[in-house]
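The sequence and the structure are shown first.

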Amino acid sequence: MRVPKTALPALVRTQHTAARTPSDTYASLLRRCAAERSLEKARRVHRHMKMSGFPHLSLGNKLVDVYLKCGAIEDAREVFDAMPKPHPVSWNAIISSCVRYSRSREAVDLYKRMLWEGVTADEFTFSSVLRAFSELSLVAQGGAAHGRLVISGVDATNAFVGSALVDMYAKFGKLREARAVYDRVCSKDVVLTTALIVGYTQNGEYGEAIQLFRQMMKDGISPNDFTFASVLIACGSIGDLRWGLFIHGVMEKLGLKLGCSSQTSLLTMYSRCGLIDDSIKVFESIADPSTVSWTAIIGCLVCNHREELALLMLRNMINDSVRPNAFTLSTALRACSALALFEQGKLIHAFTTKIGLDGNRFVYAALIDTYGKCGRIGMARIIFDDLPGLDLVSVNCMINAYAQNGHGVEAIRVFEMIQVSGLEPNDATLTGVLSACGNAGLLEEGHRVFSFIIDCYKHGPSSDHYACMVDLLGRAGKLEEAEGLITKLRSPDKVLWRSLLSACKIHGKLDMAKRVARNILELDPGDGATYILLSNIYASLGQWNEVINVKSAMRRMKLKKDPAMSWIEVDREFHTFMAGDRGHLKAEEIYKELEVLITRTKELGYVPDTRYVLQEMEELEKERSLYYHSEKLAVAFGVMSSDDKGDIPITIFKNLRVCGDCHSWIKLVSQVVGKEIIARDAKRFHHFKDGLCSCNDCCIYVFAGCGFRTDRAYKMRPR
């Protein structure tokens, strides 16, 4: 049959066709469409074949090929399924494309159909379908395919098939099998070796990954970008700076044009080894940083306590028209939560809404955490209630937010909510609930949760769970029970003993305090917090000679305590205060405001509690020293700087726990000025309103402000 010249597509109308068969013409057209990657033209040619009555399936293999090269897998599949007997090349092409376009289940089904129809699978078939098995975690079927491969005579010792097998076994976590396949391959290449290095890295075998890289270099195999990226991750994960520097040197020596993945791994490696400035230099050397690179450097800065610079990087990223993703913004929100930057957190929240990421679960969890650590528990709950579905990360953030803000009952309700929903709590969930019970003084509820952990939680209680329970019992005055709980453990750590030591201070148990302190110092002779607590215990009991002895021991051991400081943000500027501080530009006004507040609170019944002065001095001097604590100076500055008509709370921060005397005073100040005052200390939030505090006074310690942060206190740092 002749194809009318006028019916041919425009792209070949100028071509002389008289001497060519229709099959040759259509084959030539399809080859041109494939070369140009023109899907539109390919579809026109296919349409023309059907309209002209040409048996298009006779060129089915070519149609499948051109559609796959144009990325039209649905069109290719339609032609393929209509073919009575596809060529093995077409089978391999369609299976390979399904894997490439993340349609692994479809690839596996096609492989099974291929075998059922009696088509022999070759090395190209197996190299594709093995990756599909690994993506779907089909361990048994992957092993069966390996067996079929060997039986059918496919050479598993060549690098092409070997790479697919190594990759599959590594993703299954079967590193022994992956290594066995690797060792049987005679001519190893960079793809095969990199597959095993990636497998070692992804399964936490970092030392093996580095050793294989060393062997690779000895064997003269040149690494590629993916090799460097994986082995640098291994170096960073174990903090092996020596090998990290060596690999960086190899990268420079080879003069390779490095890709985003290796550069990102390099800056991450330096960050994990504590060289954040080198990470910044690597980032600055990247000509056109991608979203992944920006996200990596922001994450590195946050992990190295450079939160301010991390937020500046986010601003630069947006100014450079690079679109942040959910991981970028959730990392930036971690910076806001670490420094309690409420306004910055709100701006990022607005930005996530603007670019359509506000429904992302990672962003949701970060927002809940940020608002919780900024003391805005109501806003955190609004985000939590807006979740499309409960997930454990967001639940844990909400429980921790309630715990830090003293809402123990609400934390327990969220815990009960996930039990009803069928979500399985993890260690962090249970630690958060126990911490909430401790901060709210809920002894009975804490006992019930701890019993649940012992009887129903499959992993049993962790050291964190015991620490929370000891803290709860200590606050409630159940010191003997707390000590009994610790002694049941095979090897209790110093954090558990220190929680009990703190309780001894609260309840004046000197003999137990000495015994507990000995246990701590046996574990860690240089534990500064224990010496400070002992000194405070002796001071509170007036045993000044013992105080001198403890402080002398501290001087000999060169132990220093952190000075207490408080700070407040006013008009996007941070103002820091220390006890008796007169270095502020408005010091005179601050002290005048403080005197007014002290006078007015005394009218409401404030009496300076000199138990919190742990120095030997006259009673009047003790009272005067209490007046000028850093918390009081920050509150006075906040009151004089606040808008009398506004309802925005005054928020102050302290690097240590808030002093008990200051706690009583701030309660009365909130009543005097008619404003909520939020104080975030090293342990939790205190919400003061109308003369009351959200902690119900159950978190006040005579040793507050002792100079050492507790091990489980979240990070606080003034700017």
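In this predicted model, His-305 is located in the loop that connects H17 and H18. Its phi is near 60 degrees, a positive value in a residue that is not glycine. Most residues other than glycine have a negative phi. With a relative accessible area of 42%, His-305 is partly exposed.

Asp-690 also has a positive phi, of about 55 degrees, although it is not a glycine. This residue belongs to the loop between strand E5 (685–689) and strand E6 (692–693). Asp-690 counts as exposed, since its relative accessibility is 55% and the cut-off for exposure is over 50%.

**Helix H16 and its surroundings**

Helix H16 covers residues 276–285, and its buried residues are Ile-276, Ser-279, Ile-280, Val-282 and Phe-283. Viewed down the axis of H16, these buried residues fall within an arc of 160 degrees, so they line one face of the helix. The other side of H16 carries the exposed residues Lys-281, Glu-284 and Ser-285. What do the buried residues of H16 pack against? Their partners are helix H15 (260–272), helix H17 (291–303) and helix H18 (307–319).

Ser-293 is a residue of helix H17. Its relative accessible area is 1%, so Ser-293 is buried. Not counting residues up to four places away in sequence, Ser-293 touches Cys-260, Thr-264, Phe-283 and Ile-286. The C-alpha atom of Ser-293 is separated by 36 Å from that of Asn-92, and the two residues are 201 residues apart along the chain.

**Helix H14**

Helix H14 spans residues 241–254 and contains both Trp-243 and Phe-246. A pair of aromatic rings is described by the distance of the centres and the angle of the planes. For Trp-243 and Phe-246, the centres are 4.8 Å apart and the planes are at 80 degrees, an edge-to-face aromatic pair. The angle falls in this class because edge-to-face requires planes over 60 degrees apart. The two residues are three apart in the helix and are therefore separated by about one helical turn.

Leu-245 is partly exposed, its relative accessible area being 43%. When neighbours within four places in sequence are left aside, Leu-245 is in contact with Met-269 and Tyr-270.

| Residue | Relative accessible area | Class |
|---|---|---|
| Ser-293 | 1% | buried |
| His-305 | 42% | partly exposed |
| Leu-245 | 43% | partly exposed |
| Asp-690 | 55% | exposed |

**Further ring interactions**

The number of aromatic pairs comes to 15. Ring pairs also join Tyr-111, Phe-126 and Phe-133 into a cluster. Charged side chains are placed over rings too. Lys-188 lies over the face of Tyr-182, at 5.0 Å from the ring centre. Arg-582 takes such a position over the face of Tyr-591, at 3.8 Å from the ring centre.

**The chain as a whole**

How many helices and strands are there in the chain? The chain has 36 helices and six strands. Its radius of gyration is 34 Å, well over the 27 Å given by the globule rule for 719 residues, so the chain is more spread out than a compact globule. The C-alpha trace spans about 115 × 55 × 55 Å along its principal axes.

Of the 719 residues, 53% count as buried. The chain exposes about 33,300 Å², and carbon and sulfur atoms supply 51% of that area. Among contacts between residues at least 6 apart in sequence, 64% join residues at least 24 apart.

Notes. Residues numbered from 1 in each chain as written. Predicted model: local features only at pLDDT ≥ 70, side-chain atom pairs only at ≥ 80, totals over all residues. Heavy atoms only, no water. Phe/Tyr/Trp six-rings, centres within 6.5 Å; stacked < 30°, edge-to-face > 60°. Helix = DSSP H or I, 4+ residues; strand = E, 2+ residues; numbered from the N terminus. Lys NZ or Arg CZ within 6 Å of the ring centre and 35° of its normal. Rg over C-alpha atoms; globule rule 2.2 N^0.38 Å. Buried < 20%, exposed > 50% of the residue type's maximum accessible area, 1.4 Å probe, protein only. Contact = heavy atoms within 4.5 Å. Areas by Shrake-Rupley, 256 points an atom, 1.4 Å probe, with all protein chains shown as cover. Arc of directions from axis to C-beta.
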